[in-house]
Amino acid sequence: MSASKFTSAPIREVFCSVQGEGPYVGTRQAFVRFSGCNLNCNYCDTDFATPGTCDYEQVEGSGYFEKIKNPINVTHLEAMLQPFKKLHSVSLTGGEPLLYADFIRKLNIASPLYLESNMTLPEQARKLTEKVAYVSGDFKLPETLRGIGREARKEHMENTVECFRLLRKNHSRDCFCKIVVERDMELGAVNRAVETIAPYVSCVILQPETPIGRDLMNPGAIQASVKSIMELQKSLLEIIDTRVIPQTHRMWGCL
Ligand SMILES: C[S@@+](CC[C@H](N)C(=O)[O-])C[C@H]1O[C@@H](n2cnc3c(N)ncnc32)[C@H](O)[C@@H]1O
Ligand SMILES: Nc1nc2[nH]cc(C(=O)O)c2c(=O)[nH]1
Ligand code: SF4
Ligand SMILES: [Mg+2]
């Protein structure tokens with residue numbers, strides 16, 4: 001890896017908003033959305049292609065975006081985050097932020113770091129064990145991934161558990177697990193997945209899939225029923241604190 005890969009990264013957008021998902025919903029955050037991802041989830045709502053420029057909304061909620069040339073170096077990103085005040089934390093999202101663990105390691109900012117990850121890259125996660133204060137870790141069930149063959153499923157599950165183990169909750173970090181719930185998800189598979197990571201997390205969040213694109217016209221085709229999600233929650237509550245929290249920023253219309 002070249003030296004620049006450690007000190008600069010392609011970033012899609014930088015903005016200030018409130019966290020719309022999970023147990024920290026409503027907290028004020030700056031968001032850094034890295035481009036690129038190692039997975040292809042059925043339900044992904046985010047464009048993570050690498051653009052020539054990064055959209056920088058310096059005034060929160062303004063809808064005015066300055067274009068900043070990519071890639072962006074660590075010092076420049078630190079300066080871009082300066083105008084955002086009273087932050088709970090800085091969300092590192094994407095795409096997949098773990099692809100840029102070397103860059104993240106070099107970030108020096110006052111606010112705690114909140115990592116939003118697909119939890120599938122343990123060698124990258126290992127680099128951030130002393131760096132992040134909040135881990136919002138997805139557990140991607142293989143059924144929800146496009147292009148993953150039967151042979152790769154076992155390794156995917158092992159990598160996921162290893163990421164949760166490495167970035168587990170401790171005295172200086174909260175780590176929780178989010179599972180996006182699609183229609184017809186198998187209850188047994190979700191239970192088995194949660195059993196494997198339960199010792200490492202403070203709670204599990206069931207996040208019902210929010211329809212995007214064509215599915216907006218017919219949400220019932222992809223969304224699990226309230227009854228089935230309530231049933232899933234009941235069975236997971238035997239293992240761990242489990243909450244159902246839909247994405248709120250999509251309802252409100254903020255970034
Ligand atoms: C775009 S991802 C970026 C971070 C990382 N790649 C990941 O998947 O966790 C941010 C969050 O949005 C969730 N998400 C993406 N599309 C969604 C959808 N249609 N409905 C509900 N949650 C969704 C992901 O599962 C993840 O928790
Ligand atoms: N408001 C807001 N909350 C979020 N929580 C997770 C997000 C993400 O895309 O990672 C996100 C996002 O894009 N906006
Ligand atoms: S891992 Fe995250 S960014 Fe990547 S495809 Fe899945 S939801 Fe989208
Ligand atoms: Mg999002």
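## Residue classes and the shell around ligand 2

In what follows, Ala, Val, Leu, Ile, Met, Phe, Trp, Tyr, Cys and Pro count as nonpolar, Asp, Glu, Lys and Arg count as charged, and the others, Gly among them, count as polar. The model described here is predicted.

On this basis, the shell around ligand 2 consists of four nonpolar, six polar and two charged residues. Its members are Ser17, Val18, Gln19, Gly20, Glu21, Phe31, Thr46, Thr93, Glu116, His249, Cys254 and Leu255.

Ligand 1 is surrounded by 19 residues, of which the closest are Tyr43, Asp45, Thr46, Asp138 and Thr210. Two elements, strand 8 (113-117) and strand 10, each give two or more residues to this shell. By class, the shell around ligand 1 holds five nonpolar, eight polar and six charged residues.

Around ligand 3 lie Cys37, Leu39, Asn40, Cys41, Cys44, Thr46, Phe48, Gly94, Gly95, Glu96 and Asn118. Five of the residues in the ligand 3 shell are nonpolar, five are polar and one is charged.

## Annotated positions

An unreviewed UniProt entry carries the annotation "binding site" for Tyr43, Cys44, Asp45 and Gly95. These positions are spread over 53 residues of sequence, yet they cluster in space, with a largest C-alpha distance of 13.2 Å.

Tyr43 belongs to the loop between strand 3 (28-34) and strand 4 (53-56). Tyr43 counts as partly exposed because it has 15 C-beta neighbours inside 10 Å. Leaving aside residues up to four places away in sequence, Tyr43 touches Thr144, Val180, Glu182 and Glu209. Cys44 is also found in the loop between strand 3 and strand 4; with 15 C-beta neighbours inside 10 Å, Cys44 counts as partly exposed.

## The sheet and a helix packed on it

An open sheet is formed by 10 strands in the order 5-4-2-3-7-8-9-10-11-12, with mixed pairing. Strand 5 (66-69) and strand 12 (242-244) are the edge strands, each pairing on one side only. On average, and with direction ignored, neighbouring strands of this sheet are turned by 20 degrees against each other.

Within the sheet, strand 10 (residues 174-181) pairs with strand 11 (residues 204-208) in the parallel sense over five bridges. Lys178 stands opposite Ile205 in strand 11. Helix 7 (residues 226-236) packs on the sheet and touches strand 10, strand 11 and strand 12. The direction of helix 7 makes about 170 degrees with that of strand 11.

## Backbone exceptions

Most residues other than glycine have a negative phi, and most peptide bonds are trans. Two peptide bonds described here are cis. One joins Asn70 and Pro71, with omega about -10 degrees; Pro71 lies in the loop between strand 5 and strand 6 (72-73). Another runs from Gly94 to Gly95, with omega near 25 degrees. Gly95 is found in the loop between strand 7 (89-93) and helix 3 (101-106).

Positive phi values also occur. Lys86, which is not a glycine, has phi near 60 degrees and is found in the loop between helix 2 (74-81) and strand 7. With 7 other C-beta atoms within 10 Å, Lys86 is exposed. Met119 has a positive phi of about 55 degrees and is located in the loop between strand 8 and helix 4 (122-125). Met119 counts as buried because it has 27 C-beta neighbours inside 10 Å.

Methods
Residues numbered from 1 in each chain as written. Chains lettered and ligands numbered in written order. Predicted model: local features only at pLDDT ≥ 70, side-chain atom pairs only at ≥ 80, totals over all residues. Near = placed C-beta within 6 Å. UniProt positions renumbered as here; feature names shortened; annotations may be inferred. Helix = DSSP H or I, 4+ residues; strand = E, 2+ residues; numbered from the N terminus. Buried ≥ 20, exposed ≤ 12 C-beta atoms within 10 Å, placed from the backbone. Contact = placed C-beta atoms within 7 Å. Pairing = 2+ DSSP bridges. Axes fitted to C-alpha atoms, helices over the stretch in contact; angles between N-to-C directions.
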